[in-house]
Amino acid sequence: MQNPDKKIPVGILGATGSVGQKFIELLQDHPWFTVTALAASERSAGKLYKHAVNWFQQAPLPPRIANMMVSACVPALPCRIVFSGLDAAVAGPIEEAFAEAGYVVISNAKNHRMAETVPLLIPEVNPDHLDLVRKQHYKGMIVTNPNCSTTGLVMALKPLHDRFGIEKVFVVTHQALSGAGYPGVSSLDIIDNMIPYIGGEEEKMQIEPLKLLGTLEEGGKVDFANIAISAQCNRVAVTNGHMESVSLKFRSTVKKEAVVQAWRDFTAQPQELELPFAPNPPLYYFDDPRYPQPRLHRDLGKGMAVSLGRLRDCSILDVKFTVLSHNTIRGAAGGAILNAELLVKKGYHEEQ
Ligand code: NAP
């Protein structure tokens, strides 16, 4: 859809962080977007990116990016869209300043996710919620993606909730170290160990799916889904890929074969629109009971697909199963890029 000679200039806020680096890696060679601005804290501003960053991605740092100057996070960047990988401690006012100045802000941070007029978006789940931006008072707009463990869970729930209705969900997560940013959890805390606490994570997992699976009403308000969710979140010694053990209760009797069929049939707007970051298929169900596993399956669909397995009866609720998704790709930078692709494909960036 885009003229390759006329890519849309984009900036990255928090470009030196874990998510910011992933944006740079994933946006390299993007068919629609080109990175024209990098911004981070005052510690990094005024330095060449290669001197400000501790680059720890597998792909080498692209030379063009390495030699770009890092700016402060003020809304005077040469771009129209900014991806935010800012620390939540500072993201709120900075993202608002950019939106007020007319930028389209595509954020990973938690700060604006639950605001009434801000879309909390997974393009396969609630693409219609993008319309909420028309209710915002900014000259630009803010669109958010969910918490990284919420994303995998909701991708698994969406086809089941649409087809059968879900009443209750109990989820236990086993979350990767990269989810804590860099340098994150100290090695002495996590080697030979597991940490049964991730601050604020359980609360996010219990509320964000209700907005994502909610219905956008005519008045432009989201009616939250009526599902009871209980989450327990753990940090484990895996580099990338959040695993989740999920049990759920349906609103009616559902056969296990029908559950697998719903996952295998699932396709959505990003696949129909052939958005560059849309995985096809979006969900993989494995019959092999040893799967999915983080090291083997986190990169399916270039890290954008969600893997499922081990569907079986639950003696407390109805069924239980395992979910795996890549936390810094589908759960962060890749998910945000897919949000931007949907927004651009639908022309929202040209409206304000
Ligand atoms: P991180 O590695 O700690 O990076 C934070 C970034 O914010 C750095 O670029 C840092 O710049 C910048 N920053 C810090 N203070 C600043 C200030 N006062 N002004 C401007 N910039 C400032 O964190 P992360 O793991 O990438 O996470 C970034 C955001 O994404 C967080 O809100 C997090 O909750 C969310 N998120 C993370 C994941 C994940 O898997 N990691 C998944 C989903 C969502 P300097 O280098 O200059 O300090």
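Predicted model: local features only at pLDDT ≥ 70, side-chain atom pairs only at ≥ 80, totals over all residues.
Residues are numbered from 1 along each chain as its sequence is written, and side-chain values use heavy atoms, with hydrogens and water left out.

Let me start with the parallel sheet. Six strands form an open sheet in the order E3-E2-E1-E4-E5-E6, with parallel pairing; strands (E, at least two residues) and helices (H or I, at least four) are DSSP runs numbered from the N terminus, and two strands pair if DSSP finds at least two bridges between them. At the edges stand strand E3 (70-72) and strand E6 (141-144), each with a single partner strand, so one side of each is left without a neighbour in the sheet. From one strand to the next the twist averages 30 degrees, where axes are lines fitted to C-alpha atoms, for helices over the stretch in contact, and angles run from 0 to 180 degrees between N-to-C directions.

On the E6 side, strand E5 (residues 104-107) pairs with E6 in the parallel sense over four bridges, and Val-105 has Ile-142 in E6 as its bridge partner. Helix H11 (residues 329-345) packs on this sheet, touching strand E1 (8-13), strand E2 (33-40), strand E4 (81-84), E5 and E6, and its direction makes about 145 degrees with that of E5; contact here means heavy atoms within 4.5 Å.

Not counting residues up to four places away in sequence, Ile-142 touches several residues, among them Glu-95, Ala-99, Val-118 and Val-133. Asn-339, which sits in helix H11, is likewise buried, with a relative accessible area of 0%. With that exclusion of residues up to four places away in sequence, the contacts of Asn-339 include Ile-106, Leu-121, Val-143 and Thr-144.

E1 and E2 pair in the parallel sense over six bridges, and Val-10 stands opposite Val-35 in E2. The chain crosses from E1 through helix H1 (residues 18-27) to E2 in a right-handed β-α-β crossover, right-handed in the sense that, with the strands pointing away from the viewer, the path from the first strand over the helix to the second runs clockwise. E2 is joined to E3, also in parallel, by three bridges, and Ala-40 has Ala-72 in E3 as its bridge partner.

Next, the ligand. Of the 28 residues around the ligand, Thr-16, Val-19, Ser-41, Arg-43 and Ser-44 come nearest, where a residue is counted if one of its heavy atoms lies within 4 Å. A polar side-chain atom of Arg-43 lies 2.6 Å from a ligand oxygen atom, and a backbone N or O atom of Gly-17 lies 3.1 Å from an oxygen atom of the ligand.

Eight bridges join strand E7 (residues 166-175) to strand E11 (residues 242-250) in the antiparallel sense, and Phe-170 has Ser-247 in E11 as its bridge partner.

I close with the backbone. Where are the cis peptide bonds? One joins Asn-280 and Pro-281, with omega about 10 degrees, and another runs from Tyr-291 to Pro-292, with omega near 0 degrees. Asp-29, in the loop between H1 and E2, has a positive phi of about 70 degrees although it is not a glycine, and at 68% relative accessibility Asp-29 counts as exposed.

Key:
Buried < 20%, exposed > 50% of the residue type's maximum accessible area, 1.4 Å probe, protein only. Polar contact = N/O pair within 3.5 Å; in protein donor to acceptor, adjacent residues only side chain to side chain.
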